[in-house]
2 protein chains.
Amino acid sequence: MSDTDDTETAFMEATYCALCEYGYADVTMQDIADQTDRSKASLHYHFDGKDDLFQRFLTYLHEDFRKRTGDPPGETPAERLIALLQTVLSTPDEGEDVQFTTAFLEIKAQAPYNEGLRDRLRRIDEDLVAAVADLVAAGVDAGEFPAETDPDEVASFVSTYLHGTWTRSVAAGCDVDAMRERLVEYVAEDLLAADASVRTDLVAPDGTATDAVEQRQKSPDDTSEEVAQ
Amino acid sequence: MSDTDDTETAFMEATYCALCEYGYADVTMQDIADQTDRSKASLHYHFDGKDDLFQRFLTYLHEDFRKRTGDPPGETPAERLIALLQTVLSTPDEGEDVQFTTAFLEIKAQAPYNEGLRDRLRRIDEDLVAAVADLVAAGVDAGEFPAETDPDEVASFVSTYLHGTWTRSVAAGCDVDAMRERLVEYVAEDLLAADASVRTDLVAPDGTATDAVEQRQKSPDDTSEEVAQ
């Protein structure tokens, strides 16, 4: 990683922290520089103002989101879909996560006035919809979902629900865990073919893989560690 | 209606217009007074600052929402549920409706910092959830939904989706009509009992009752007009 990459990453992490502390409307370039050991001049050298910085910040979040959701655990498409949704909707801790969800809602409300933010938010949404649609399509091929299931329609439905989860938790204080559970039931009960079954215990409420994944990956005669050495 | 009621209603309508024009963060008491033939002093006489005004504004929106959704058309609970959702998610016109949805998202993002707004947003959500749960419960009793359907869980799921529709339309520019259609399909296909059927044509995309409702209400031997006189 180059020095420039290091600096940019430091500024992105600082943006996250400052956003949580001050909110989108109130946060300043100075607040962000103050979260690092770099100067405000250095921040302005790397970013052409708050707009540019926040557009890059959304790109950074998008890449992070892709990394976290790129390879959900599970042996079938339906299992992987449920694991993906559980990862995306992990239980927020009461501090930064809740503050971040709130600040991110502020950013969403800016989209109609800011083409750069809007384009990036749309790309994140499209990416999520495509990931869900791919898993649903694979599930249809595998006979886990009925043949008449429309992957794109399901994916759009799920994405809308995810946006709703974050908004409703901020606006009406509703419990993310309960809303995640409803979404898992929707996939595992309403969508799933009548003769199919699916594991829903591969991702813990905090978004990490559970022991069940480890047990699956590590069979008694597993020699992969030795091979790797 | 008293003069005070008239004035308050005028200020509520002015708040709606000013909010659409300036957004929540930027709108001032002066902007709101400017939308009426009353003075800023009169506005301050009626409302104890922007916080108080916006709390009352949410109560005003809540009452308006109740009026619009209190008696959805339909002859069965499932029909009335679908009509209710179609009314709530009517097609936004490209001007004020879109601006209002955006401004309302800004208000939702303020909820964690403002107890008064948060309480009112929670009440609106609870009211919607209760209305949906009542119709689902009535639909279960009528055999339109399977006996194992949990009205509260369905109602929470639907409310989350509704929040998502508004957020996703603002943040990612997604089409409200398409998202409404998915929700109607969820109720009419995923939720409905296998042997039940339901009309989904009683509310037009703009949220008004369709000709189908009038045809139903006016049978050839209808004498209700004469009776009413």
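Q: Which salt bridge do the side chains of B:Glu153 and A:Arg182 make, and at what N to O distance?
A: A salt bridge is a side-chain nitrogen of Lys or Arg within 4 Å of a carboxyl oxygen of Asp or Glu. Here the side chains of B:Glu153 and A:Arg182 meet at 3.2 Å, N to O. Across the interface of chain B and chain A, the rule finds 4 salt bridges.

Q: On what basis do these values rest?
A: The model is predicted: local features need pLDDT of at least 70, side-chain atom pairs count only at pLDDT 80 or more, and totals for chains, interfaces and linings use all residues. Residues are numbered from 1 along each chain as its sequence is written, chains are lettered from A and ligands numbered from 1 in the order in which they are written, and side-chain values use heavy atoms, with hydrogens and water left out.

Q: How many helices and strands has chain A?
A: Helices (H or I, at least four residues) and strands (E, at least two) are DSSP runs, numbered from the N terminus. Chain A has 11 helices and 0 strands.

Q: At what angle do H8 of chain A and H8 of chain B pack?
A: Two packed helices are described by the angle between their axes and the distance between the axes. Axes are lines fitted to C-alpha atoms, for helices over the stretch in contact, and angles run from 0 to 180 degrees between N-to-C directions. Helix H8 (residues 151-172) of each of chains A and B is involved; the angle is about 95°, and the axes lie 6 Å apart. H8(A) is therefore roughly perpendicular to H8(B), a term covering 65 to 115 degrees. Contact means heavy atoms within 4.5 Å; among the residues making it are A:Phe157 and A:Gly164 of H8(A) and B:Phe157 and B:Gly164 of H8(B).

Q: What area is buried between chain B and chain A?
A: Buried area is the accessible area (1.4 Å probe) that two parts lose on being put together, summed over both. Here the area is about 3100 Å², with carbon and sulfur atoms giving 63%. In chain B, B:Phe157, B:Thr160 and B:Arg168 lose the most area to chain A, together 20% of what that side buries.

Note on methods. Angles under 35 degrees count as roughly parallel, over 145 as roughly antiparallel, 65 to 115 as roughly perpendicular and the rest as oblique.
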